[in-house]
Structure formats: structure tokens, C-alpha cells
Amino acid sequence: MKITVFGATGGVGREVVRQALDAGHEVTAVVRDPARLPVPAHERLRVVTVVDVTDPDAVLAVVGGQDAVVSALGAANNKQARANPLAGPALGAITSAMDRAGVRPLSAVSAAPVGPLPEGEGIFTRVVVYPLLRRLLRDLYADLADMEAAMAASGTRWTVVRPPMLKDEPHTGTYRRAIGANVRGGRVIPRADVADALLAALTDPAWTGRAVGVAS
């Protein structure tokens, strides 16, 4: 499969690139600075610089002719999301380009607090954790909510992956999943397992058109 990866230099994005190459896929890694991609050169890896991923025409050039798209885009923090939201505008451009190019499978990373509280979740999470996160990171989550809305309004076969706190730990492949919900008691997950979920979503019809919670 030919896969375009946006946000390829980030913690999740670089894991998507590595795992996709390990699985035998051809990868187009979209970056702003090629020097920040810590993945060795590979015969099935193409690195393309796109300065503005909110420009549909620029995005079309790296989406056309591909089989699927993965987005690991997002603002680095709440302040950045307030000043310059990225995920929402970028996915608007990406889905527009995908519709024009006839590329359908799309997965993108969001965040657990954008979704609903898991059924039966503990009182501390319900009363303290989620309300606090949603207040402190409201601009970041608003940007991700706009991203999810852009995907849902598109003609793509989309999946949103919503993880809790991300950790730099080894890939396990044994994380929990909740289709249409967040994982009860989900606190953390390795970035490598989020990458695993983003790639799995491209070919799992049960995940199409759904938000999927993941957690260790």
C-alpha cells in the first residue's frame, strides 16, 4: 500500500513511518524540515517538504496516486493551538485533496478528552481529570474537534484514533480499543501503539466512520 503520512517528524508520526516501512508499505513522509525525521533512508521511503499543509493544492501533490493517508498533525501545546490552530485547517485541506484525488482511507490522531467519558468511569476522572484537562487545553481540543468535524464531513473512509496521555515506550500491539467510545480507565499509551492503531484503521471496516479510543 502507498501511504502518505502527515506530521511525520512528530512522536507518533515517526512511529507510523517506521511501522509502515516494516510492514512493507511505500511511505511518503510529509515534513516541514527533513532534518527532523529520525528515520534512516529507505528504498520505499519518500520524504517531501510541504511548508503549508493547510493549502489544498500543495497537499494534493502528495496525496494524488496514494492508497491511504495517515495524519499525526496537531498543535504542540494549547498556546500554539490558540494562536495558530493546525489540525482543523490541515484536515480540511487534506480531505479536500483526497476527495479530488479519489483517495479514501484516512486515519488521524485526536485525543481522548475530545470524546465522551467512558461508561462507568471512576469519579476522580469524571469530576477532576476530564474537566481539568478540558479547561486547561480547551484550545487544543477545540482544534482537534474541528479536525474531526472536517473528516466526518468529507467523502473519505475516515477513522479518528483518540488516545490518552502519550508515552515514549516500546511498541506492544496489545493495547485496548473501544469503538465509538473511550477506554474505561485508560490513562496512558505508547506513541508506538497509537501508530499501530492508525495503520490498523486503514484496513479495518469496523473502524470506518468511527472514533476509536485506545489505551494500554
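Predicted model: local features only at pLDDT ≥ 70, side-chain atom pairs only at ≥ 80, totals over all residues.
Residues are numbered from 1 along each chain as its sequence is written, and side-chain values use heavy atoms, with hydrogens and water left out.

View 1. Helices (H or I, at least four residues) and strands (E, at least two) are DSSP runs, numbered from the N terminus. The expected span of a helix is 1.5 Å times one less than its number of residues, so the 15 residues of helix 4 should span 21 Å, and the 20 Å between its end C-alpha atoms agrees with this. Its buried residues (buried means under 20% relative accessible area, exposed over 50%, partly exposed in between, with a 1.4 Å probe and protein chains only) are Ala-87, Gly-88, Ala-90, Leu-91, Ala-93, Ile-94, Thr-95, Ala-97 and Met-98. An α-helix has 3.6 residues a turn, so residues three or four places apart point the same way. Strand 1 (2-6), helix 2 (56-63), strand 4 (68-71), strand 5 and helix 6 are among the elements that cover the buried residues of helix 4. Just after the helix, Gly-102 takes a positive phi of about 75°.

**View 2. Ile-94 within helix 4.** Ile-94 lies in helix 4 and counts as buried because its relative accessible area is 0%. Leaving aside neighbours within four places in sequence, Ile-94 is in contact (heavy atoms within 4.5 Å) with Phe-6, Val-59, Val-69 and Leu-73. Ser-71 stands 23 residues from Ile-94 in sequence, and in space the two are 9.0 Å apart, C-alpha to C-alpha.

View 3. Asn-78 has its place in helix 3, and it counts as buried because its relative accessibility is 8%. In a polar contact (a pair of N or O atoms within 3.5 Å; within protein, one must be able to donate a hydrogen and the other to accept it, and residues adjacent in sequence count only if both atoms are side-chain atoms), the side chain of Asn-78 reaches the backbone nitrogen of Asp-139 at 2.9 Å. Not counting residues up to four places away in sequence, Asn-78 touches Leu-136, Leu-137, Arg-138, Asp-139 and Leu-140.

**View 4. Gln-19 in helix 1.** Gln-19 is placed in helix 1 (residues 11-22) and counts as buried, at 12% relative accessibility. A polar atom of the side chain of Gln-19 lies 2.8 Å from the backbone oxygen of Ala-192. When residues up to four places away in sequence are not counted, Gln-19 touches His-171, Ala-192, Ala-195, Asp-196 and Leu-199.

**View 5. Val-31 in strand 2.** Val-31 is found in strand 2 and is buried, with a relative accessible area of 2%. Although Val-31 and Ala-8 are 23 residues apart along the chain, their C-alpha atoms are separated by 6.1 Å. Leaving aside neighbours within four places in sequence, Val-31 is in contact with Ala-8, Thr-9, Val-47, Val-48, Thr-49 and Val-50.

**View 6. The largest pocket.** On a 1 Å grid over the protein atoms alone, a cavity is a set of points where a 1.4 Å probe fits but cannot get out, and a pocket is an open set with protein on both sides within 12 Å along at least five of seven lines; lining residues have an atom within 4 Å of a point. Grid points are joined across faces, edges and corners, and a volume is the space filled by probe spheres set on the points. The largest pocket holds about 1,300 Å³ of space, and of the 48 residues that line it, Ala-72, Leu-73, Gly-74, Ala-75 and Ala-76 lie nearest its centre. Helix 5 gives the most to this lining, with four residues.

**View 7. The largest cavity.** The structure holds one cavity of 30 Å³ or more, and the largest cavity has a volume of about 50 Å³. Its lining residues include Ala-112, Tyr-130, Arg-162 and Pro-164, while strand 10 (residues 210-215) supplies the largest share, three residues.
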